[in-house]
Amino acid sequence: MAQDTQHAPEPAASYPPPAEFATAANGTADLYQEAAQDRESFWAEQARRLPWHTDFEEVLDWSEAPFARWFADGELNASYVCLDQHVEAGRGEEVAIHWVGEPEGDRLDLTWNDLLDRTRRAANVLLELGVRAGDRVAIYLPMIPEAVVAMLACARIGATHSVVFGGFAPSALRTRIDDAEAKVVITADGGYRKGKASALKPNVDAALEDGGSPVSKVLVVRRTGQEVDWVEGRDLWWHEQLAEASREHEAEPMPAEQPLFILYTSGTTGKPKGIFHTTGGYLTQAAYTARTVLDLKPGQDVHWCTADVGWVTGHTYIVYGPMALGVTQVLYEGTPDTPHKGRWWEIVEQFGVTVLYTAPTAIRAAMKWGDDIPAGYDLSSIRLLGSVGEPINPEAWTWYRNHIGAGTAPVVDTWWQTETGAMMIAPLPGVTELVPGSAQVPVPGIEVDVVDDAGRSVADGEGGYLVVREPWPAMLRGVWGDPQRFRDTYWSRFEGMYFAGDGAKRDEDGNVWVLGRVDDVMNVSGHRLSTAEIESALVGHDAVAEAAVVGASDPGTGQAVVAYVILRGEVAQERADRGAEDAELVEELRQHVSREIGPIARPRDITIVPELPKTRSGKIMRRLLRDVAEGNEVGDVSTLADPTVMDHIRR
Ligand code: WTA
């Protein structure tokens, strides 16, 4: 059961939609009725808002459950959906992306024409490099327009992209490249973060240096101009290739079930899972939720989703959802506090952002920096706020509404996952009376439930496990290369239901309160990390014999990584002999994790302990370590092989 009860329902204030908002909203109450009457026709109708090259007849094929096929006999092209259709509608000269680099004054406005031209040329470059429909391309880029272009260029030729977050270390990049058997990597010399040029290309070089990788070419975007090593015959400059490439390229119609992307996410084992998504169903739900939950309107809105394109939120609510709708967006390269803590609000003011979609961790950081910072900017353009990635505590929700949304903008808390592809539980801002801290109700067309251990729906007011009862268009189609892992992870816990891995409660009004993970996955600043992956990185260090990692509550980041390690006997002995302090080794271990996985995985605390709490069968009892990490009373130790272990650890 979920350990985190701090977000439990409380008699909170609720906020009905503002009248003018409700009148103009895309998402209306009748969507709930339509979906309830006939779910499949409802989804077919949403799908037909997209421009299909060939219309579909079959809506859902669930005969091979849990492997779904949606709109399978239809054909479309994701790049056409996101670009060509807007140009053909005569909107080519409108701005698609206001790109803002981190160094002040560094900006670029790209129209739909500009993006289409670049995407066509990039598609031709990939074709010349031998990439074909079905091949995989790894993308390892900072938040620059080329990231969007690279993704859409893959989609345009039916290649599957695997975007790897730029904060991942070489070995994590290599694991992902190998698992997807990527032929080409698209990277950059570096990007700007926290006021300086931060290199990326050396990570690709390090990832590939052992040889034996499936990669034949590396395309390198010049962003920072920093020195790069060059492997002749393998490395190519993006700008040189694009300059020579033909500007003609017809988007090829693809079957609806063409794999569109793979995105790796942490699971309960050390090996990340390649979550893969296909085209027609994914785009349908991405565009539908962007339209109804984020209420996006082309020609009117300026949307800003602050996520990195390396995460699913960036895929669905920067690239595919808003671009399918043809909405103008902001894309920002850097951190919120560079060069000053008002940077985000300055951007909102400058571009007249109307819809802002961000994560609770960013909201809590802004709260901590102080109300006077956003108060110094004109944020009156904002009409809707969104939150994603972790439970949002009611205080942060209310602050967000009051200080960023002028006390009037609806705040939509949206629950979904890499696996679900698009939003699943979220209010409709023109319909739902908002309750701070709860993602509230499934979006029309989605069937979620909270069930007990035996898979029975819990009564209102009770807690249990969050499940999805019916297939949905944007659902993952599997774990790349591992169908059994797909069944085991998501479909074996409860018969016929998708188990999300989250605990949840349903209140007396039927609102769902997501409480957090019930498995060994942590959520740090909205990033998913696996305890096992960090443990295996720690054990990979020469000094460490064994490691146990837990996620402990943290006021800033939601959860924080806390590790307990046992040193190898000879290392411990040698250190005891010379009276070595722990601090230096602890710092070295933190750096080691950062190098192996990436800075986001760096433990907040590492404690060197003589023993770990284990059951008689040798299983580490993380629950007890979590108690220690959170400074709580240590729970029941009676099943420990050696109950005195906890006394040592607490000391
Ligand atoms: C958590 C991010 C509470 C949850 C889109 C889920 C949330 C995991 C919310 C997925 C929310 C995401 N309220 N918890 N609104 N949104 N989560 O795959 O634990 O990076 O299972 O997808 O984040 O994280 P992922």
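Reader: In which loop does E181 lie?
Author: E181 lies in the loop between α7 (170-180) and β8 (184-188), where helices (H or I, at least four residues) and strands (E, at least two) are DSSP runs, numbered from the N terminus. This is a predicted model, in which local features need pLDDT of at least 70 and side-chain atom pairs count only at pLDDT 80 or more, while totals for chains, interfaces and linings use all residues. Residues are numbered from 1 along each chain as its sequence is written, and side-chain values use heavy atoms, with hydrogens and water left out.

Reader: Why is E181 called partly exposed?
Author: Buried means under 20% relative accessible area and exposed means over 50%, with partly exposed in between (1.4 Å probe, protein chains only). E181 has a relative accessible area of 48%, so it counts as partly exposed.

Reader: What makes Q440 count as buried?
Author: The relative accessibility of Q440 is 1%, and therefore Q440 is classed as buried. Q440 is placed in the loop between β20 (411-414) and β21 (448-451), and it too is a non-glycine residue with a positive phi, here about 75 degrees.

Reader: How do you know that Y264 is buried, and in which strand is Y264 found?
Author: The relative accessible area of Y264 is 8%, which is why the residue is called buried, and Y264 belongs to strand β14 (residues 259-265). Once neighbours within four places in sequence are left aside, Y264 is in contact (heavy atoms within 4.5 Å) with S162, R176, D179, A180, P272, K273, G274 and W480.

Reader: Which side chain makes a polar contact with the side chain of Y264?
Author: That partner is D179, at 2.7 Å. A polar contact is a pair of N or O atoms within 3.5 Å; within protein, one must be able to donate a hydrogen and the other to accept it, and residues adjacent in sequence count only if both atoms are side-chain atoms. A polar atom of the Y264 side chain also lies 3.3 Å from the backbone nitrogen of A180.

Reader: What makes D135 buried, and what lies 2.8 Å from a polar atom of its side chain?
Author: D135 has a relative accessible area of 17%, so it is buried. The atom 2.8 Å from a polar atom of the D135 side chain is the backbone nitrogen of R132. D135 sits in the loop between α5 and β6 (136-140), and, apart from neighbours within four places in sequence, it is in contact with G130, A159, T160 and K183.

Reader: How do you know that the span of α6 agrees with what it should be?
Author: The expected span of a helix is 1.5 Å times one less than its number of residues. Helix α6 (residues 145-157) has 13 residues and should therefore span 18 Å, and its end C-alpha atoms are 19 Å apart, which agrees. For helix α5 (residues 112-128), with 17 residues, the reach from first to last C-alpha is 24 Å, close to the expected 24 Å.

Reader: Why is α6 described as largely enclosed by the rest of the structure?
Author: Buried residues make up 13 of the 13 in α6, so the helix is largely enclosed. After α6 comes G158, with a positive phi near 80 degrees. In α5, the buried residues include W112, L115, L116 and L126, and α5 is followed by G130, whose phi is positive and near 90 degrees.

Reader: Why is α3 called roughly perpendicular to α10?
Author: The axes of α3 (residues 39-47) and α10 (residues 280-292) come within 9 Å and cross at roughly 85 degrees; these axes are lines fitted to C-alpha atoms, for helices over the stretch in contact, and angles run from 0 to 180 degrees between N-to-C directions. The pair is therefore roughly perpendicular, given that angles under 35 degrees count as roughly parallel, over 145 as roughly antiparallel, 65 to 115 as roughly perpendicular and the rest as oblique.

Reader: Which residues in α3 and α10 meet?
Author: F42, W43, Q46 and A47 in α3 meet T284, Q285, Y288 and R291 in α10.

Reader: Which peptide bond is cis, with omega near 5 degrees?
Author: The bond from A65 to P66 is cis with that omega, and P66 is found in the loop between β1 (60-64) and β2 (67-70). A cis peptide bond also joins T338 and P339, with omega about -5 degrees.
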